[in-house]
Amino acid sequence: GDPEAPEDYRGARTQESLVSVARRVLSGETQDGPASQKKPDSTPPQPADSKVKVLTAADFDEAVASHRLTLVKFYAPWCGHCKKMAPAYEAAATELADLDGAVLAKVDMTQPENKVFSDRYGVKGFPTLKLFRGDPDAPEAYQGARTQDSLVSVTRRVFSGEAQVDPARQKKEKKADPTPPEPADSKVKVLTAADFDETVAKHKVSLVKFYAPWCGHCKKMAPAFQAAAAELADIEDALLAKVDMTQPENRVFAERYGVKGYPTLKVFRGDPETPEAYQGARTQESIIAVVRRQLAVHGEVHSEL
């Protein structure tokens, strides 16, 4: 019913499969056509000593809530990509077995009772991996590679309160697209955990960009952020600042402000404890407009007081 949310048809080009898939999708299920389920390569059995926890709709919420971090693989037994990544997933679960409070789990989406996850978490293809930080209602899309090293690395980083930074992806992006140097006359203030609260408290409005130097989206918006800061430089009460989240001392912001991806922009009105999500576009014009509007709101609030 949504022209903006297409799905690729994954069944066979036969009358039986076309009808079957259409009926299943109409009934709110995923595309699990008979032809797809009867592929000759059978799913390898789960190892007897597997550390991957099998979840269903009946125990999902309780299991996720009982762990500080849960990485869940929503899969179909017939799915080739699922079978391809299965050994890496099993190996990662074994390697992480000593990490108390973290678990790797899987949900078989061909089981009728588990079809509820299609709508609940937007599972439209397999495998779909989601991270949960103890809350079954707050999933995050897994952003790493489907390798043992990446699964382990991302899980450990998120478990320690950091954002999802896959070292393999970071290294690749850094090599392909180096970070441009900061302009010598930049009006963007560089903040760290050491001076963050004090600096934010000194300004009526602070717009802070939490970023990673290797992040493509961060580099793309950097010129607009720099230009906006230069245009707003004559307003003493306003500040545009940035925090490098790859620096160890700054990783506290991942949990403090819910920084889970880059860039994350937050607006502060003189209080480092009450951030607001930036809701404008990542353009010079929009950044300036939002800051000026926030200054006006700040003035109205204080004049009422």
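A crossing of two helices is called right-handed if the near helix is turned clockwise from the far one by less than a right angle, and left-handed if anticlockwise. With that term in place, I turn to the structure above, which is a predicted model.

I begin with a pair of helices. In helix α4, residues 80–95, and helix α6, residues 148–159, the axes come within 8 Å and cross at roughly 40°. The two helices are therefore oblique to each other, and the crossing in which α4 passes α6 is right-handed. On the α4 side, the contact is made by M85, A88, Y89, A91, A92 and E95, and on the α6 side by Q148, L151, V152 and R156. Sorted by class, these are seven nonpolar residues, one polar residue and two charged residues.

Next, the sheet beside these helices. Five strands form an open sheet in the order β1-β3-β2-β4-β5, and the pairing is mixed. The edges are taken by β1, 53–55, and β5, 139–141; each has a single partner strand, so one side of each has no neighbour in the sheet. From one strand to the next, the twist averages 35°. Strand β2, residues 69–75, runs parallel to strand β3, residues 102–108, and seven bridges join them. Within this pair, L69 has A102 of β3 as its bridge partner.

I now move to strand β9, residues 264–268. Is this strand mostly covered or mostly open, and how many of its residues are buried? It is mostly covered, with five of its five residues buried. In a regular strand, side chains alternate between the two faces of the sheet. In β9, T264, K266 and F268 lie on one side and L265 and V267 on the other, and all are buried, so that both faces are covered.

Strand β9 pairs with β7, residues 205–211, in the antiparallel sense over five bridges; there, F210 stands opposite T264. Strand β10, residues 276–277, also runs antiparallel to β9, joined by two bridges, and E276 of β10 is the bridge partner of V267.

Finally, V290 belongs to helix α11, residues 284–304. With a relative accessibility of 8%, under the 20% cut-off, V290 counts as buried. Beyond its neighbours within four places in sequence, V290 is in contact with Y278 and G280. From V290 to L207 the C-alpha separation is 9.2 Å, although the two are 83 residues apart in sequence.

Conventions. Residues are numbered from 1 along each chain as its sequence is written. This is a predicted model: local features need pLDDT of at least 70, side-chain atom pairs count only at pLDDT 80 or more; totals for chains, interfaces and linings use all residues. Side-chain values use heavy atoms; hydrogens and water are left out. Axes are lines fitted to C-alpha atoms, for helices over the stretch in contact, and angles run from 0 to 180 degrees between N-to-C directions. Helices (H or I, at least four residues) and strands (E, at least two) are DSSP runs, numbered from the N terminus. Angles under 35 degrees count as roughly parallel, over 145 as roughly antiparallel, 65 to 115 as roughly perpendicular and the rest as oblique. Contact means heavy atoms within 4.5 Å. Ala, Val, Leu, Ile, Met, Phe, Trp, Tyr, Cys and Pro count as nonpolar, Asp, Glu, Lys and Arg as charged, and the others, Gly among them, as polar. Buried means under 20% relative accessible area, exposed over 50%, partly exposed in between (1.4 Å probe, protein chains only). Two strands pair if DSSP finds at least two bridges between them.
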